[in-house]
Amino acid sequence: MRKSISKIPFNGTEEQKAKLMAAIEENKGVPGAVMPVLQVAQEIYGYLPYEVQLMIAEGLDVPMEEVYGVATFYSQFALSPKGKYHISVCLGTACYVKGSGDVVDKISEILGIKAEECSMDGKFSLTACRCIGACGLAPVMTINDDVYGRLTVDMIPEILAKYQ
């Protein structure tokens, strides 16, 4: 699944930038430095917005395409921020055949965000994942540490209302 770029404006601080620049300087000229610097950047910012990727590319003197390629290849990296309430809907086989695609669509409709996006107020983010590991409860979603199983589209408004 391709990750989208956040619609939320980037608001990094000078302190965050200084930490990132220190990590870049420490890894400059080291083969394979993009991966560890991206990991540090994600720890600092919580996600990898375009502006951060550009700083890494310029600082390490590597093409932006390489930084973006690594950031989008590995699932540990996020290109958009996580909301206060992070919703993850399983699209694995068991969940998908029982309607999890419709669940994602309903959440998107209610919150006005697509998978891999965060609401403009930072309250909700939505991820479509491959497996939560609760196939017997299919379709399944989590909101932070809360697990919801045997979902139907009709249940979604009431569940989301708990977090409004």
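How many bridges join strand β1 to strand β4, and do the two run parallel or antiparallel? The points below take this up first, then move to the helices and cores.

1. This is a predicted model. In it, β1 (residues 85-90) and β4 (residues 141-143) run antiparallel and are joined by three bridges.

2. β1 and β4 belong to an open sheet of five strands, ordered β2-β3-β1-β4-β5, with mixed pairing. Its edges are β2 (117-118) and β5 (146-148), each of which pairs on one side only. In general, the strands of a sheet pair through backbone hydrogen bonds, in either a parallel or an antiparallel manner.

3. Helix α6 (residues 100-111) lies across β1, β3 (124-129) and β4. Relative to β1, α6 runs at about 155 degrees.

4. The largest nonpolar core contains 21 residues. Leu-20, Leu-38, Leu-48, Val-52, Ile-56 and Leu-60 have the most contacts inside this core. At least two core residues come from each of α1 (14-27), α2 (34-45), α3 (50-60) and α4 (64-73). The largest share, six residues, is supplied by α2.

5. Leaving aside residues up to four places away in sequence, Val-52 touches Phe-10, Leu-20, Ala-41 and Tyr-45. There is also a second, separate core of 20 residues.

6. Helices α1 and α3 pack at an angle of about 35 degrees, and their axes are 9 Å apart. The crossing is right-handed. From α1, the contact uses Lys-17, Leu-20, Met-21, Ile-24 and Asn-27; from α3, it uses Val-52, Met-55, Ile-56, Gly-59 and Leu-60. Sorted by class, this contact has seven nonpolar, two polar and one charged residues.

7. Apart from residues up to four places away in sequence, Ala-94 touches Cys-135 and Ala-138. Asp-145 is 51 residues from Ala-94 in sequence, and their C-alpha atoms are 21 Å apart in space.

Conventions
Residues are numbered from 1 along each chain as its sequence is written. This is a predicted model: local features need pLDDT of at least 70, side-chain atom pairs count only at pLDDT 80 or more; totals for chains, interfaces and linings use all residues. Side-chain values use heavy atoms; hydrogens and water are left out. A nonpolar core is a set of buried Ala, Val, Leu, Ile, Met, Phe, Trp, Tyr and Cys residues joined through side-chain atoms within 4.5 Å. Buried means under 20% relative accessible area, exposed over 50%, partly exposed in between (1.4 Å probe, protein chains only). Helices (H or I, at least four residues) and strands (E, at least two) are DSSP runs, numbered from the N terminus. Contact means heavy atoms within 4.5 Å. Axes are lines fitted to C-alpha atoms, for helices over the stretch in contact, and angles run from 0 to 180 degrees between N-to-C directions. A crossing is left-handed if the near helix is turned anticlockwise from the far one by less than a right angle, and right-handed if clockwise. Ala, Val, Leu, Ile, Met, Phe, Trp, Tyr, Cys and Pro count as nonpolar, Asp, Glu, Lys and Arg as charged, and the others, Gly among them, as polar. Two strands pair if DSSP finds at least two bridges between them.
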